[in-house]
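Please keep the viewer open beside this text, and follow the stops in order, making each selection before reading on.

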There are 2 protein chains.
Amino acid sequence: MAISVNTITSTREKLEAARRAAPRVSALTTIEKNRILLALAESIESHASAITAANQKDLDSASLPSAMRDRLLLNSSRIAAMAAGVREVVALPDPIGEIISEFRRPNGLQIRKVRVPLGVVGIIYESRPNVTVDTVALTIKTGNAIVLRGGKEAMHSNQCLVEILSSVDGLPSGAIQLLDSSSRDSVQELIQARGQVDVIIPRGGAGLINFVVENSTVPVIETGAGNCHIFIDESADFDMADRIVINAKTQRPSVCNAAEKLLIHEKIAGVYLPRVGPKLIAQGVELRGDEAAVTIFPETRAATEEDWSQEYLRLCMAIRVVSSLDQAIEHINRYSTKNSEAIVTANEAHARRFLRAVDSAAVYWNASTRFTDGGEFGFGAEMGISTQKLHCRGPFALAELTSSKYEIIGSGQVRT
Amino acid sequence: MAISVNTITSTREKLEAARRAAPRVSALTTIEKNRILLALAESIESHASAITAANQKDLDSASLPSAMRDRLLLNSSRIAAMAAGVREVVALPDPIGEIISEFRRPNGLQIRKVRVPLGVVGIIYESRPNVTVDTVALTIKTGNAIVLRGGKEAMHSNQCLVEILSSVDGLPSGAIQLLDSSSRDSVQELIQARGQVDVIIPRGGAGLINFVVENSTVPVIETGAGNCHIFIDESADFDMADRIVINAKTQRPSVCNAAEKLLIHEKIAGVYLPRVGPKLIAQGVELRGDEAAVTIFPETRAATEEDWSQEYLRLCMAIRVVSSLDQAIEHINRYSTKNSEAIVTANEAHARRFLRAVDSAAVYWNASTRFTDGGEFGFGAEMGISTQKLHCRGPFALAELTSSKYEIIGSGQVRT
């Protein structure tokens, strides 16, 4: 298969091309979309050497810290995983065309609310080039055109992947656009393309997300930030609490659903903190805390006011001793980024109150915050974790890449 | 009942007060919310003379065109209608607490997606003071706090209404805030209050809506614009077409679901345009049109390119002769504001294609565009008509003033 060369260069032209492609992508049947996705998966596999070569250019071109290098790396097993991911999307049900509701009015009008594509989806993301493939698969499955703006460090990898993906038979031309990653101008143009782009999904650090939210005139699905809390209530089972705290903090500290804060009820803090503290330190966790925490467990360094709103994304945890369930809820609703929070308690009334009153996307009773994930929730895929309240909240995937439309069938009705 | 005097003056303080009130409004039961709404309705009725007196101040203070004066006027029948509207909201089901979905994962986690309030809803609107009462009823019913920013011309009416509404027994203090309407600063502060306000709903003209969309960092539900089209296909029943065109254009030309553009298939234009044209003119409609339309029916004035995207909101209609269904769809998708469009045809295949391919919130086959309305759709209420694709599309009411949350119950599960 020949890989086509993208000759369009300006952001404006690319956005127009995506807009023109959108109705053609929208008109594809489920069978046609799945055929395209299977061809995508195959094409990724058959172009593995081109992908690794492009990826090598990215790896060579910058002196990156090893964690970032690892995020950027595409080896043969990761390429196989990308293709497998696309095939998993084939197996998911197509939400487009679903009749969300249907009713008949007394005047005889038949009204149907039908699920339709959004149109053009804009994704702004950093480093990991597998996001390119994942998001293309999800947006094509939902009948959308897609405009990608990846990170500069993954430029060659993304360019190669998009050329491979765009060349697949049956895909309407222009359906996948990759914007210039060398300056912020393309981001600015994308997020201001109101009327041409239907949604912007920023995936990355707080800086990127804030920039997009502050400057976008296109509706945004805010994702990713996670200053997550665990509250150990006075009736908590300490073994369970240990397992959950250690897991939520240390299993993968760099992700948004990792716990950053530990709140402990004052009635048990004197016993529980000296018990969990050394376990956290043994896992390499730096501890910070309020005055009470420092007094009880002096290996804890005094936290500042800033600590309470910070998302560490590393092996650091701040501990606060609270006087009641209410104080825990109040603290969380004040400082959290509304992603994931957990209570560990044997008291069902406390748990129910916590589940109801904590204003976050995912609220847990006796489980680790690390489960906030499309795969773990059984969605078969994930586009991101929404921390806003409009359109969708929490892990989201196919259905959230759609809109709806009312189709009304009459027989000449007019309004009186 | 004594009417409390609002002593808070700055926008910042008012937003903070609404934020503090939000969890208390959210915690109200359905019975408590309905009791508050019934008290609101009664209080409006028992303070009718105070309301008309305040309204008189607004009517006196500006020399308004008569149409605007009429929109502003509150007489005893309109006050009764406002109270009746609140009682209708009492009768509607409470969406809060609804379990949207519920499932159990193989690891034993029980996951529930539950409908919850948005938190703080910001409304920016113009002239009609009944919007104050309508929106307060809908937001309280859905467990939200509300920040209102009405028009300057309705300042005294809105102030009086908000004082009456805020003084009702059982309503958490601070739940209803009215911002200063004398300058745009309060709008600016409201739409930049990211994290404090969960959604902004602008209700008004294109200028207001554009200003909000361009400048808001809070998620917006865009409402209202309506450059609506009717396409008369070659197989249309002319009697039905006449009824629909006349109704959609003339029944209430100042609203967003009124038709602004008439597309006619070229095969019937020579017969149909000379038939419908005089009927429209007899209703006082000014006609504009493309070259073909002007040639066929010379009472039509030549339209400019601008006409095709314009929302007249008055007795004016632009006519274009199109060569095919596809050209009609293409024209609509290019120029419409994605509100409401209709096809009049006896050809079911054409109708199905139009319903699917036209990218608007409400698409009609053989009915007037004027039905795009929460009441006409049977929702029992309406907050607005969304012309964006995110969160909700078309007429929206109670359910769209909510968000969702995942509640996850475990027994100590951690992620491996």
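Two residues count as in contact if their C-beta atoms, placed from the backbone, lie within 7 Å. This is a predicted model, in which local features need pLDDT of at least 70, side-chain atom pairs count only at pLDDT 80 or more, and totals for chains, interfaces and linings use all residues. Residues are numbered from 1 along each chain as its sequence is written, while chains are lettered from A and ligands numbered from 1 in the order in which they are written.

Select α14(A), residues 325-335; helices (H or I, at least four residues) and strands (E, at least two) are DSSP runs, numbered from the N terminus. A:Leu325, A:Ala328, A:Ile329 and A:Ile332 are buried here, buried meaning 20 or more other C-beta atoms within 10 Å of the residue's own, exposed 12 or fewer, with C-beta atoms placed from the backbone. Then turn to the face away from the buried side, which carries the exposed A:Asp326 and A:Arg334.

Next, show both chains: the contact takes 55 residues from chain B and 55 residues from chain A. On the side of chain B that touches chain A, the largest share, 11 residues, comes from β16(B).

Finally, select β16(A), residues 402-413, which runs parallel to β13(B) and is joined to that strand by five bridges (strands pair if DSSP finds at least two bridges between them). A:Gln413 has B:Ala367 as its bridge partner in β13(B).
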